[in-house]
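I set down what I looked up, entry by entry.

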Amino acid sequence: MKFIQFNDKKIDSFLFMQLSDLAKTLAKQDNLVVEFGFRSYYDPIDSKIILSHFWDNRSFEERVHGLKTDVFLRSVGSKKYTDYQSVSKFIDFTKKTSLPSFAKQLFMIAEDLRLEELCKKDRPGTLIPFKTRNKVYRKYFKDQLNVNLVKSVQTDALFNSIFILLTSTSPLEEIPSIKKEIDSLFPFLRSELTKYYETTSTNDVIKLTAGIIEVLEEVLENDMLNIYFHLPELEYDELFSQNFDDLKRKNKLKNDDSLDDVKKGDEDVHDDVLPTWHQETSTPTKSFLQFDLEQGTQTNLLGESAREGDAGDQALGIVQGSSKKSKRSDFSKVEALEVQHDPLEGKGQEQYGKENKFAKPIMIDARIPKSHEIEQYFEHKAKIAPYQKKLKQMIMKTLEHKKIQPRGNLHFGRLSKKLLPLLTDENPRLFYKKNETSPEIDAVFTLLVDCSASMHDKMEQTKLGITLFHEALKAVRVPHKITGFWEDTNDATETYQPNYFHHSIDFHTSLQAKTGPEIMQLQPEEDNRDGFSIRLMTEELVKKRSEKQKFLLVFSDGEPAAFSYEQNGIVDTHEAVLEARKQGIEVMNVFLANGEIDEGQKNTIQNIYGKYSILVKNIDELPDILFPLLKKLLLKSL
C-alpha cells in the first residue's frame, strides 16, 4: 500500500479509506471527518474523529485492530454515550487542580473503559479487536512503568500502575514499589478503581476521578510528563448555547408611555395590515402578532398569551426561515416579506468535497501560440502521425461495417431468403433491414493533466501523448477538452487555496483544424489537488455535455499533494472518482513514471481509481501505450 507522509508517520492509505467508511457507517453521519493525530479523541463540535498514531509501529493485525477500536470508541461510544456538558465542567475542575494532566488522562482511560463495554454490548463483533487493544496497551504500560521507575518519574509510574490495575483480569495484580508515600495510596486506589466498573454515565466517571485527584494532590508533588491519552479542551458550550429563551425579548422599551384607551371588544380586525402600537396610535387592534420593538406604547393586550402555532405564521418565519401555505388555515392573503433565495443556498462551501471548501477555481484560457510552440507541436504531430492514421482508418472501417451490417429476425422489412422459420416457428420473423448507424461517434473526452512540479521530467513526453489524443479525436470528429491543473502553494492559506485550470484545448475549438499548438503551453507548476479538479470537470461534463459516452482521463505522476491535503487527499480523490462514475462518467488514470513503479505507488493508484488505471513505467513508451487505450474507448462508443 502507498503511505502518506504525515508527521514522519506512515499511514496505509487503503486502510485509512476503510476506517473512514467504517466510522461514517457506525456513526450514521456522512459528513463525519476522520483524521490521524497524536492521540485518539472525538470532536463533537467539528464532527471529527482522531485516530491515534500509537498503532503505527505495530504488526499489521495489531494496527488494524487498534485503529478499528479507536473508530468503535469514538463513532459508537464517544458520539453516542459521552455527556459533553459534564466534560466541560470537568475541564473547568482540572484547571483548578495541581494535577490537570493526570486528571484528564485518568478520566479518559476510565471513560474509554466504560465506552468499551457499551460498544461490545451494541456490537458483539468488536470483542476480538478490543481484546487485541487491551493486550497491546497492557504490554505498553508495563514497559512504560519500568522505564519511569528507572528514570524516577514517579507520577507517570503511578499512572501506568493505575492503568494496569484497571485493565487487569486478576484481583491479585502485583504492582512494584514506587515510593513509600505513593505505595500507601494503593489500598485506597484499588478500592476506588473497582468502582469505575459500576459507572453508568460520564458524570459518574467524573465524580470518581475528581475524588481520586483530590487525594493524590496531597501526595504527588509534580504533574505527569508524558501524554498517553488526550482530552481536548474544546468550546463544548457551543453544543448547548442555543436556548429558546434567547429568542425572546430581553430589553425594555425605550419609552414608557401607555394608551389611555383599553380593549372594549369591538375593535376593528385588520386582515391585511399588521400595525404596531406607538405614540401616534389612538386605539388598539386585535392583531396577534408580536414583534421585537425597540420603542412603542404599552397596551393591555396580552402579548404573552398562548396561541396554537401554524405553519403559515409569518412571525414564526422570522425565526425558522421562509413560511409556506398552511394546510389548516388560509393565510394566503396575508402580505409577507419577499425573500430572495440564493440558488446555491444549502450547498455551502463543500459542494466540491469537505477537503476543498476553501479551494478557489481560477480559469486560464489558452493564448495565441508562439512560433516555437507551433514548431514544437508539429514535431510531436509528425511522431504520432502513424498512430493517428492507423486509428482513423480502423474507426472509419468499423463505422462503415456497422452501417451496412444487416439486422435479421424482424417482423417487417426486407424478406429474408431463409423461410424455414415459417414452418418451425409459431411466430416467425422472416424479415431483415440494414442498419442506419450515425457516421459520428457519440462520445466526449476531458483530459486532465497534472501540472505539479514533480512533472518537470515527464511533461514533454506527456504532451506528446496528449497530442496523439488530440489529433486522433479530431480526425474522427470527437469533441474533447484538455486542461492542466495545479494549486498555487505560495498564495495558499488556511481559508484560501487558489487552484488554476489552464484550458489549452476547449470543447468548441477541439475540432478546428489549426488547434493543437496550445498544448505546448502546459508546464510544470506547483501542487495538485486532484479531487477538487475531478469534481469540477465532472460537473462540466454532466451539465454541459449531452453525449452518450463521457470519458475523463487524468494524467498524473503520483498521489495528490496540496495545502492541508496530504493526509486526506487520496480519500478525497477516491470519493471524487466514485461520484463521477455514479453520474455515468468513465474515469481513468494514466500514471506516469520514469523507471520501475514500486508496489506502494501501484496500490495507491489502484486504491483511487480501481482497475481503471494504466501504469506507464517508461514515459518514452507513452504513445505505444495510449494507442490501444484510445482504440478501445472509441470502439466502445460506436
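**Aromatic rings**

I looked up F501 and noted that F501 counts as buried, at 0% relative accessibility (buried means under 20% relative accessible area, with a 1.4 Å probe and protein chains only). The model is predicted, so I note that local features need pLDDT of at least 70, side-chain atom pairs count only at pLDDT 80 or more, and totals for chains, interfaces and linings use all residues. Residues are numbered from 1 along each chain as its sequence is written, and side-chain values use heavy atoms, with hydrogens and water left out.

F501 and F532 form a tilted aromatic pair, 6.1 Å centre to centre with 55 degrees between the planes. Rings of Phe, Tyr and Trp (its six-membered ring) pair if their centres lie within 6.5 Å; planes under 30 degrees apart count as stacked, over 60 as edge-to-face and the rest as tilted. The pair links distant parts of the chain, 31 residues apart: F501 is in strand β12 (residues 497-505) and F532 in helix α14 (residues 530-544). Helices (H or I, at least four residues) and strands (E, at least two) are DSSP runs, numbered from the N terminus.

I then searched the whole structure and found 30 aromatic pairs. In one of them, the ring centres of F54 and W55 are 4.9 Å apart and the planes stand at 85 degrees, so I recorded the pair as edge-to-face. F54 is buried at 8% relative accessibility, and W55 is buried at 0%. One aromatic cluster includes F54, W55, F102 and Y137.

Definitions and conventions
Buried means under 20% relative accessible area, exposed over 50%, partly exposed in between (1.4 Å probe, protein chains only).
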